[in-house]
Amino acid sequence: QVQVVESGGGLVQPGGSLRLSCAASGFRFSSYDMSWYRQAPGKEREYVALITSTAISTNYADSVKGRFTISRDNAKNTVYLQMNSLKPEDTAVYYCKAARMAIGVTYWGQGTQVTVSS
């Protein structure tokens, strides 16, 4: 049974930090590229960051570049998103996605809420 479970969200003040985790099971985690997306109220889901299966490459949306860091631990089947210098516009539900394009398979988590407010 495939599971993708995000955690670590919460309420933080502007300028603060949070670390999100995404724990995966039920598939070969080390073969999947992992990414984070977010969706703010009334807006489309948007891409945040990606890390390739072997962690050789990462990529970030311009809006988070220099503030967020994506990483993974293939021994723990977990991907992380370290978020620093948070802004109110970072408020959203954050989703984790596992993707293996070679076989056309994608898995999504249920999301974790991040609220940046004073």
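Modeller: Phe27 is buried, at 13% relative accessible area; buried is under 20%, exposed is over 50% and partly exposed is in between, with a 1.4 Å probe and protein chains only. Bear in mind that this is a predicted model, where local features need pLDDT of at least 70 and side-chain atom pairs pLDDT 80 or more, while totals for chains, interfaces and linings use all residues. Numbering runs from 1 along each chain as its sequence is written, and side-chain values use heavy atoms, without hydrogens or water.

Colleague: How many aromatic pairs are there?

Modeller: Five. The rule takes Phe, Tyr and Trp rings (the six-membered one for Trp) with centres within 6.5 Å; planes under 30 degrees apart are stacked, over 60 edge-to-face, and the rest tilted.

Colleague: Why is the pair of Phe27 and Tyr107 called tilted?

Modeller: Because their planes are at 35 degrees, with the ring centres 4.9 Å apart. This pair links distant parts of the chain, 80 residues apart: Phe27 is in the loop between S3 and strand S4 (33-39), and Tyr107 is in strand S10 (residues 105-108). Strands here are DSSP E runs of at least two residues, numbered from the N terminus.

Colleague: And Tyr107, buried or partly exposed?

Modeller: Partly exposed, at 23% relative accessibility. Ring pairs also bring in Tyr32, making a cluster with Phe27 and Tyr107.

Colleague: Switching to charges: which ring faces does Arg45 lie over?

Modeller: Tyr95, at 3.7 Å from the ring centre, and Trp108, at 4.7 Å. The test wants NZ of Lys or CZ of Arg within 6 Å of the ring centre and within 35 degrees of the ring normal.

Colleague: Last one: where is Leu18?

Modeller: In strand S3 (residues 18-25). Leu18 is buried, at 16% relative accessible area. Beyond neighbours within four places in sequence, Leu18 contacts (heavy atoms within 4.5 Å) residues including Val12, Leu81, Met83, Leu86 and Val114.

Technical notes. Helix = DSSP H or I, 4+ residues; strand = E, 2+ residues; numbered from the N terminus.
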